[in-house]
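Please examine the sequence and the structure shown below. The paragraphs that follow lead through salt bridges and then through helix packing.

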Amino acid sequence: MCTRQSKQVLIFSVCVIWPALVLLLFPSAVTAEEPSLLDGWHDVWLFRFLVNMLGYSTIIIPGYLLISYFKRTNYAETGSGFCFPLIKTCVFGNEAKTSLLDDTSAASRNEADSGSTLKQALKLIFCAAGLQVSYLTWGVLQERVMTRSYGAATTDQEGEKFKDSQFLVFMNRILALTVSGIWCVMFKQPRHGAPMYKYSFASLSNILSSWCQYEALKFISFPTQVLAKASKVIPVMLMGKIVSHKSYEYWEYFTAVLISVGVSMFLLSSTTDKHPSTVTTFSGVIILIGYIVFDSFTSNWQDNLFKYKMSSVQMMFGVNLFSCLFTVGSLLEQGAFFESLGFMTRHSEFAFHAVLLSVCSACGQLFIFYTISQFGAAVFTIIMTLRQAFAILLSCFLYGHTVTLVGGFGVVVVFLALFLRVYARSRMKSGRRGAQPLAQKV
């Protein structure tokens, strides 16, 4: 007998989800009478967000009902047949929770420390260069794809802009899935124990945070987005204080205040040539808040999943597997998948940019894993903080963003505060081990 919660979900899906899905799959019934209604709504970011969520729910709700059924019937003990191993892996997993793989990470780091100084220096240069090239290229391409038009033969022509952020998320995830899958086949991995469906939570929040990251560039400048991402420590501390009643050191409060001051100086001194509308600015802020919320959930859920015995590349594979499933399902339901492919065929330059964007994202994730395993989280944080500073300078140089003297000083204050946090954290003798690297950070 179905539980009360399952019945509520089923009623909601029948009464709300499926009628709305019919309108998505057969929009001619609506557009026959009001041809301009949906066209106008598709320009509203909130409408696109809700439509994407509707597409994801058509996969999540049936999956939830199936998982509830298998657990309720104790399928792990009573099941049999050809599909039993697959269902057991997806719903129940193969092992109980174990400790994090810190021992492996620490062992590889100790092995790295025992090498020659020259060898270690070359490794560090390799890691730093790989991270900088991957993510600086990724940032430049991200802004190019979302803010510039394609197909304009001259500067007087307007060209055609690519609008579907979800397709770019799919492109990134399908290549990351391929790279992580090949890595798992080529190199020995721990025996996987986590139920596969648990990756779907981090996957959903990750694709939503990535969507917000792309979508925000339609409303705010790239330097503003980078600074907002760099200042995530502020809402994280607030949530920790309110929800978990955590206590922080004096230097954490001091650097948080410095970050707030630096971001305020940059935002208040920025010009409004390209974003004069207060509504547009407000939309950009709301989308950035959505990015921070979803990204924070992704990190915390992945930390929880690392309680199972798994490697970071296995985490990368599991999250990207569900990300591909969610995004391709939603794109097909909306009819946007083939529309985006048509855009790629019309504009070969966009196709090159989209593929290169995905390559940089996948390679950057592998560099993250390798850097943290060899040198620890503190060195990785310093490299990525430098990358954010370089990204702002490169964006201003390539795309003509103007930064005033006060705004530039605000940027310096933000990154100075971030370096102080890294230094103070490394000086603490708490004996706590470094955090596991996470698979989705872009």
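**Salt bridges and helix contacts**

Glu 215 is buried, with a relative accessible area of 0%; buried means under 20% relative accessible area, exposed over 50%, and partly exposed in between, for a 1.4 Å probe and protein chains only. The model is a predicted one, in which local features need pLDDT of at least 70 and side-chain atom pairs count only at pLDDT 80 or more, while totals for chains, interfaces and linings use all residues. Residues are numbered from 1 along each chain as its sequence is written, and side-chain values use heavy atoms, with hydrogens and water left out.

The side chain of Glu 215 meets that of Lys 218 in a salt bridge, at 3.1 Å from N to O. A salt bridge is a side-chain nitrogen of Lys or Arg within 4 Å of a carboxyl oxygen of Asp or Glu. Lys 218 is partly exposed, at 25% relative accessibility. Together with Arg 48, Glu 215 and Lys 218 are linked in a network of salt bridges.

The structure holds four salt bridges. One of them joins Arg 144 to Glu 349, with the closest N and O atoms 3.6 Å apart. Arg 144 lies in helix α8 (residues 117-147) and Glu 349 in helix α17 (residues 348-375), so this pair ties together parts that are 205 residues apart in sequence. Helices here are DSSP runs (H or I, at least four residues), numbered from the N terminus. Arg 144 is buried, at 14% relative accessible area, whereas Glu 349 is partly exposed, at 42%.

Arg 346 forms a salt bridge with Glu 160, the closest N and O atoms being 2.9 Å apart. This pair links distant parts of the chain, 186 residues apart: Arg 346 is in helix α16, and Glu 160 is in the loop between α8 and α9.

How are two packed helices described? They are described by the angle between their axes and the distance between the axes. Helix α9 (residues 165-186) packs against helix α16 (residues 336-346) at an angle of about 80°, with the axes 10 Å apart. Axes are lines fitted to C-alpha atoms, for helices over the stretch in contact, and angles run from 0 to 180 degrees between N-to-C directions. The helices α9 and α16 are therefore roughly perpendicular, a term for angles of 65 to 115 degrees. Phe 167, Phe 170 and Met 171 of α9 meet Phe 337, Ser 340, Leu 341 and Met 344 of α16, where contact means heavy atoms within 4.5 Å.

Key
Helices (H or I, at least four residues) and strands (E, at least two) are DSSP runs, numbered from the N terminus. Angles under 35 degrees count as roughly parallel, over 145 as roughly antiparallel, 65 to 115 as roughly perpendicular and the rest as oblique.
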